[in-house]
Amino acid sequence: MAKKLMMSIVALLGIIALVLTGCGGGGGGTPIPYLNDGKFVQDTIGDLDSLDPAWGYDTASGEQVLYIYEPLLTYDGAATDTFKPLLATAWSYNASDNTMRFTIRTGVTFHEGGTLTPSDVEYTFERAMVQDRSGGPIWMFYQPLLNKWSNTSGGVNFTVIDQAVEVDPVTQEVVFTLYDDYWEVPFLQILCGPWAAIVDKEWCIAEGDWPGTEATWQDYPYFNPTSEGDTALFELTNGTGPWKLSLWEHGEQIKLVKFDDYWQGDVPFDEVITRVEDEWTNRKLHLINGDADLVYVPRMFIHDLDEYADVNAIQDLVELTLDTIFFNMCINEDSIYIGNKTLGGGIPTDFFSDLDVRLAFCYGFDYETYLADALLGEATQIASPVIDGLSPDYQNPAAAMYSYDRDEAVAHLQAAWGGQVWDQGFKFTLLYNSGNVPRKTACDILAEEFESIGFEYFEDSEKFQISVAPIAWETYLDKIWGTRDMPMFEIGWMPDYPHPDNFVVPYMHSEAGAFSAFQCYGSTELDDKITAAFQDTNPVTQQEKYYELQQIYYDDPGGIMLFQPQGRRFFTKYIGGFVFNPVNPGAPGYLYDMSKSPS
Amino acid sequence: MTDWKFIARQLVKNPLSLAGIVLITLFVIIAIFAPLIAPTPEGQGNPYLIPREGYGATPQPPREDYPFGTTQGQYDIFYGCIWGTRSAFQIALVVIAIVVLIGIALGSLAGYFGGILDEVIMRITDVFLAFPALILAMAIVAALGPSLRSVMIALCAVWWPSYARLIRGDILQIREEDYVEASRGLGASSRRVIIRHVLPNAIYPTLIMASLDIGAVVLSAAALSFLGLGAPEGYADWGQMTQFARNWIVGPIGDPFRYWYAVIIPGMFILFFVLGWNLLGDAFRDIFDPKLARR
Amino acid sequence: MELRSYIIRRLLLLIPVLFGVTIFIFGITMLFSPIERATLYVSDPRQMMDLQSVIEEYGLNDPFWVQYGTWVGQVFRGNLGWSKVVSMPVGEAIFHYLPATLELAIFATPLIILTGIFLGTKAAAHKDKPVDHATRVLAILGWSLPSFWLGLILIMVFYGYIRGFLPPGRLSIAMDGVVNSAEFIRYTRINTLDAILNLNGRVLLDALRHVVLPVITISVINVAFIMRLMRSSMLESLGKGYILTARAKGLQEKVVVNKHARRNALIPVITVSGYLFAALAGGAVITESIFSFKGIGWWAWQAASRLDISSVLGFALFTGVLFVIVNLVVDILYTRVDPRVRLGGGVQ
């Protein structure tokens, strides 16, 4: 018996040895097999929220919505300032009555058989404005059309919503009444987004969505739904796009199939399959084994795929995002992250309101090391919230930027709070969202710098002590906007539409800024400047105003400006036609214009 | 009572338990002499933070000054594994100690007095046992925020029921023994009877389970770290070190074992530590179990 | 004690257990302030600006008993809440994710039991000899391996090295298309079972290919328990009187071990199998994540780490019920198998 056991173990080991030395191997020369002809398969992390165009505010939802539905227009190729007609054939703006008119394309059918008519367009926007779920994207209709923020703002009733979008009975154009001229360009950008994708009015009503009447407009769940599952279009879809929904297994995958009657015809893929695969090793193997055509590659692994000739690694893509470590100048009194709330054993709640403190931090951050180690060199340092690639492009190429200079940092530290900081030192905790390696690296770099300043000048590495700690993403966000108890926080911003205002407001507006309002940054004067810059319709003076705002942010920094990362895409060589547009929510971009072939 | 010399002799005779004792002793030595074996760099406050050589993401192989190489983020693997021994002992011993104490307290009450107290305590243990251990631990750590302390609290919450039950069962058994009856007949108080007669005899199964569980606690802590709910990143903890290796287990296809040092070395520490305690526990089981045939 | 009343009495136990578990979980969430709990209902940074309305909507400011009571009321109405992590009702989530876990449990349990019995018997029969040591070390080794380590190495070898041989996930893309098409009926959503019921060989083969590695990973980890139990149980059984008699009668050692000792030694092992299956049915978190074999363990992990309270509570109910029922079944089996034990008996 024992002998048999021994022999079988030896045999097993022998097989394993054979297998390991025999097959596989090869590395660079290993070709990727051509599989799943006619299907586009991609691996991502994280599932989408909802397929309801008016609900989704995350890129995953946006991507799928734009495969299934279509908006009136879209960006032309790689540009963020020129547009191409989609469901609208032409549009014009009339400055005398602030109306924007769209001619709607004919001969377009929905997946479930209906025909596209102007009343569908009108319904789409009214429905969205009626729904306007809390924290959703529809403020982007309210601002340009009504200068309000939501369906619960004062002065909002059914009549104004109804009148904001109408169908001209004579010309059959869809007419939007904008609040003012300066919304002309941004509104077009907004209309390219997934939230502006057109739905079929008759079908929606038949499926139990809002009947379109004043009597029902405030009924739940048409009005302010709280759970994504409550809206009629959560998983039920009917769009005009090249693909229609076949299957959505939450947290696992979403499958779309070709729509044969697509108005532009020639749909390149029979199926579009997006799989959720959180394990990097599995994603990598999927790509290499030909089981996926595109996978998400976290930055630290971009060089793992260098050796594969059959992997098409596209790089240097100017992504419209910016990461910043913000200063909180009005930390919550009850914060547990500021020690004993006085210098020496902690920091006071207004510690960062002193300019020298902030400058010390801006000079004390080792940008070079961060760029090289955390971002693998693939990013550009940015001077202010106005980043590369926005439209209109008002980035000041000569803008001043901070660089790592310990002597400057020390000088400002010595001047901070009249010398008290240098005398007594400080302690606080710096938090990052756990699992995010680049963010942790940034925090560590900062902490180490001040530790070593303390050691160099006082032989005390705990004089300027920053402890770095992780917390869960959900809790992290709450602390920024809810409890406001973090002394500093690092977070990224992605614009909804590529206008500089969409970056300046969150960073600098004292009331409406997603960050600045919670940092206690800015003033009413600055707010006025921001508004004036946005409303200026003369490109020359507008540029001056945005240059001035950039200078203001440099002189009075609200955070340590980190980097605008350069994006990458990893396709197999069989996929062609990729065009990068930074505003496009999906990684593949315009899937309709792409192709897959064995050669 | 049992002869401790007899136990010791048995342990040494058996090659497996001997191996276990050797392993454990080795780890104890490493833990005690950690500051000498892997000195903390000057100027660093907390010795449990692993020193780094830069911030680069890709692990680097063993080289001068870094005998085991560096992990993702350039953390010194050697330092992490050596000081991780201290963390491992910390977690394991604290958790087991607390859990045994709770188990003794509640188990004795339940087993000796019986009745309503017993029912209530048993139902409470049922509640805890009904819920999968890992998920319960995760929920507790998620609620308290990831840190070594939350991990210990979570593991205590998960482990105590088995000990309470075990001790209760033993006490039920022993309670009926003659010498206990005799002692009570002589007028000894309940507490005295428990402490002097019942507990010492109930201790052996507890010892077996505790020595086996030390390994299990360390493995659970590592699992929690792997799932992102363990000690903070950069803390000297074996679970953390294996977590760093997660994405490097598969190197490029032509050179799949390129990052072997980041993957294998911390894993080996966990493996041998757990192995040592398991061998010891197994040996205890053989020695203490009166039902086993002795040749 | 009569079987029927015993069963009823034990099932009544469900009530305090379920209340206990859910109150405990609920209690953990009360460690958070209302604002912190409100954030659990929103997922996007920009939604955070309006937390007050979320707090009111969900009554997060109400005292503990009110919130718990509301939840219990909902449960009795059949509404287990919405699982935020997978965007579907909690009840539906349980039914959706359970089949994957069951598929693994169905394959792993017999593998673990049989291997454990085999190794345990060998070890006991040759106590203290090299075979005993070797099998014990092997089993302990398996148990000490971090499961993700083993899983990822297996994937690397059998999917990376031997390209495409045994992939992660439950089905390949092509077969996934077949399984979701109109021609294929998913009776149980357990792919291997459904493939058999649909008489579809290709799907069966594909499903098996995907099941192999996760099952091996789970089995390697768990075999030690059974092996140890079998070994000590065999040793106990080998020490019994009737064994001496059998040997004295001149029966071959092999027969003594296999026919007589083993049969009695199996009793505790069989009962443990019940617990083992229940534990596996509760989901193997790490294995399910690594292999993208998303079952109830994966779902519970997502829920626990992201503090999706409704899901965690729903999962607690599920495992509570599982626990009580399995305990009941095992106890009844025990009485059938071992005549010395009586139903509901106290200390013997």
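Q: Where is Pro221(A) found?

A: Pro221(A) sits in the loop between helix H7 (201-206) and strand E8 (243-249) of chain A; helices (H or I, at least four residues) and strands (E, at least two) are DSSP runs, numbered from the N terminus. A cis peptide bond, with omega about 0 degrees, joins Tyr220(A) to Pro221(A). This is a predicted model, in which local features need pLDDT of at least 70, side-chain atom pairs count only at pLDDT 80 or more, and totals for chains, interfaces and linings use all residues. Residues are numbered from 1 along each chain as its sequence is written, while chains are lettered from A and ligands numbered from 1 in the order in which they are written.

Q: Is Asn224(A) buried, exposed or partly exposed?

A: A residue is buried if 20 or more other C-beta atoms, placed from the backbone, lie within 10 Å of its own, exposed if 12 or fewer, and partly exposed in between. Asn224(A) has 19 such atoms within 10 Å and is partly exposed.

Q: Which residues of H2(B) are buried, and how are they arranged?

A: An α-helix has 3.6 residues a turn, so residues three or four places apart point the same way. In H2(B), the buried residues are Leu16(B), Ser17(B), Gly20(B), Ile24(B) and Ile30(B). They fall within an arc of 145 degrees (taken from the directions from the helix axis to the C-beta atoms), so they line one face of the helix. On the other side, Val22(B), Thr25(B) and Ile29(B) are exposed.
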